[in-house]
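I opened the notebook on a new structure today.

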Amino acid sequence: MDDAVKAWLLAELGTATNVTDLQTRYTRLGTARAVALEVLRERLAALRAQPATVSVPNAVSVGFAENIKAYERQIAALEAGDNPAPDDPTDGTGTEGIDLLMLRERPRR
């Protein structure tokens, strides 16, 4: 895992993420996107295993439903290919995914 991949993973997962764990996962999975998806799915599963709302009458009420939705949106964006990772394969359409369209002049009247 090079510095660009590590920086991308930390940007996606947060700077508190264990870098040696990311390195181990990257060696096993082979791509930064797969590592990010695996970590996010684990975090989502941990949140779903907990109660979505905790409240103590007349004291405090905490809800995690929005956190769950945020993880689901982030996972969907990564699965859709948004925010390209440094090690994503290129499809040959150029560096930014823009194709070149050649126009021909046609005869005028």
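How many helices and strands does the secondary structure of the protein come to? I counted 4 helices and 2 strands. I note that this is a predicted model.

Next I looked up the order of the elements. From the N terminus on, I read α-α-α-β-β-α.

Then I turned to the whole chain. The protein has 109 residues, and 23% of them count as buried. I took the accessible surface as well: about 8200 Å². Carbon and sulfur atoms hold 54% of that surface.

I also checked contact separation. Among contacts in the protein with a separation of 6 or more, 55% join residues 24 or more positions apart.

Now the helix pair. I picked helix H2, residues 19-29, and helix H3, residues 32-49. Their axes come within 9 Å of each other. The crossing angle is roughly 120 degrees. Angles from 65 to 115 degrees would count as roughly perpendicular and those over 145 as roughly antiparallel, so H2 and H3 are oblique to each other. I logged the handedness of the H2 and H3 crossing too: right-handed.

Which residues of H2 meet H3? On the H2 side I listed Leu22, Arg25, Tyr26, Arg28 and Leu29. On the H3 side they meet Ala32, Ala34, Val35, Glu38, Val39 and Glu42. By class, I noted 7 nonpolar and 4 charged residues in this contact of H2 with H3. The contact has no polar residues.

Notes. Residues are numbered from 1 along each chain as its sequence is written. This is a predicted model: local features need pLDDT of at least 70, side-chain atom pairs count only at pLDDT 80 or more; totals for chains, interfaces and linings use all residues. Side-chain values use heavy atoms; hydrogens and water are left out. Axes are lines fitted to C-alpha atoms, for helices over the stretch in contact, and angles run from 0 to 180 degrees between N-to-C directions. Angles under 35 degrees count as roughly parallel, over 145 as roughly antiparallel, 65 to 115 as roughly perpendicular and the rest as oblique. A crossing is left-handed if the near helix is turned anticlockwise from the far one by less than a right angle, and right-handed if clockwise. Contact means heavy atoms within 4.5 Å. Ala, Val, Leu, Ile, Met, Phe, Trp, Tyr, Cys and Pro count as nonpolar, Asp, Glu, Lys and Arg as charged, and the others, Gly among them, as polar. Buried means under 20% relative accessible area, exposed over 50%, partly exposed in between (1.4 Å probe, protein chains only). Accessible areas come from the Shrake-Rupley method with a 1.4 Å probe; for residues, only the protein chains shown count as cover.
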